[in-house]
Amino acid sequence: VHRLAYLLRIRNIPKGLVTRSQILDQLSSDVWKSTSEISIPIPVTSGTVLYHLKNMEREDIVKRHPSTHRWRLVDTQQIALTKFLDTKAPKRRK
């Protein structure tokens, strides 16, 4: 389960956590995606995806583009740190 799938304003049931984790795996902070693009690899309807995206939007996890109605992750400090650590040079073996 993705750590951002846990929400404060709604009840976190296991099925919802799994669905939100799958949605978060489809999103990035660089590319905007529609609900139908997000729902293709996930075994839920685009309406269910939209429901979870709106809940995550209220908690500033995702952001909706005002004119195209596409979604992406909000670029949080944690995401920036993760990207920084991914680009860091690998450690030398002893």
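The legends below accompany close-up views of a predicted model.

**View 1. Overall fold of the predicted chain**. The chain contains four helices and two strands, arranged along the sequence in the pattern α-α-α-β-β-α. Of its 94 residues, 30% are buried. Among contacts with a separation of 6 or more, 48% are made by residues 24 or more positions apart. The accessible surface of the chain amounts to about 6,800 Å², and carbon and sulfur atoms account for 54% of this area.

**View 2. Helix α1 and the elements that cover its buried residues**. Helix α1 comprises residues 14-26. Its 13 residues should span 18 Å at 1.5 Å a residue, and the separation of 19 Å between its end C-alpha atoms agrees with this expectation. The buried residues of α1 are G16, L17, T19, R20, S21, I23 and L24. In an α-helix there are 3.6 residues a turn, so residues three or four places apart point the same way. The cover over the buried residues of α1 includes helices α2 (35-39) and α3, together with strands β1 (62-64) and β2 (71-73).

View 3. R20 is buried but forms no salt bridge. The nearest side chain of opposite charge belongs to E59, at 7.9 Å; a salt bridge would require a side-chain nitrogen of Lys or Arg within 4 Å of a carboxyl oxygen of Asp or Glu. When neighbours within four places in sequence are set aside, R20 is in contact with A5, L7, I10, N12, H52 and M56.

**View 4. Nonpolar surface patch formed by V1, Y6 and V18**. These three residues make a patch of about 310 Å². V18 is located in helix α1. With a relative accessible area of 41%, V18 is partly exposed; the patch criterion of over 30% is therefore met by this residue.

View 5. K54 and W71 are separated by 17 residues in sequence, and their C-alpha atoms are 10.0 Å apart in space.

Definitions and conventions. Residues are numbered from 1 along each chain as its sequence is written. This is a predicted model: local features need pLDDT of at least 70, side-chain atom pairs count only at pLDDT 80 or more; totals for chains, interfaces and linings use all residues. Side-chain values use heavy atoms; hydrogens and water are left out. Patches are made of residues with over 30% relative accessible area and no salt bridge: like charges are joined within 9 Å, nonpolar side chains (Val, Leu, Ile, Met, Phe, Trp, Tyr) within 5 Å. Accessible areas come from the Shrake-Rupley method with a 1.4 Å probe; for residues, only the protein chains shown count as cover. Buried means under 20% relative accessible area, exposed over 50%, partly exposed in between (1.4 Å probe, protein chains only). Lys and Arg count as positive and Asp and Glu as negative; His and the chain ends are not counted. Contact means heavy atoms within 4.5 Å. The expected span of a helix is 1.5 Å times one less than its number of residues.
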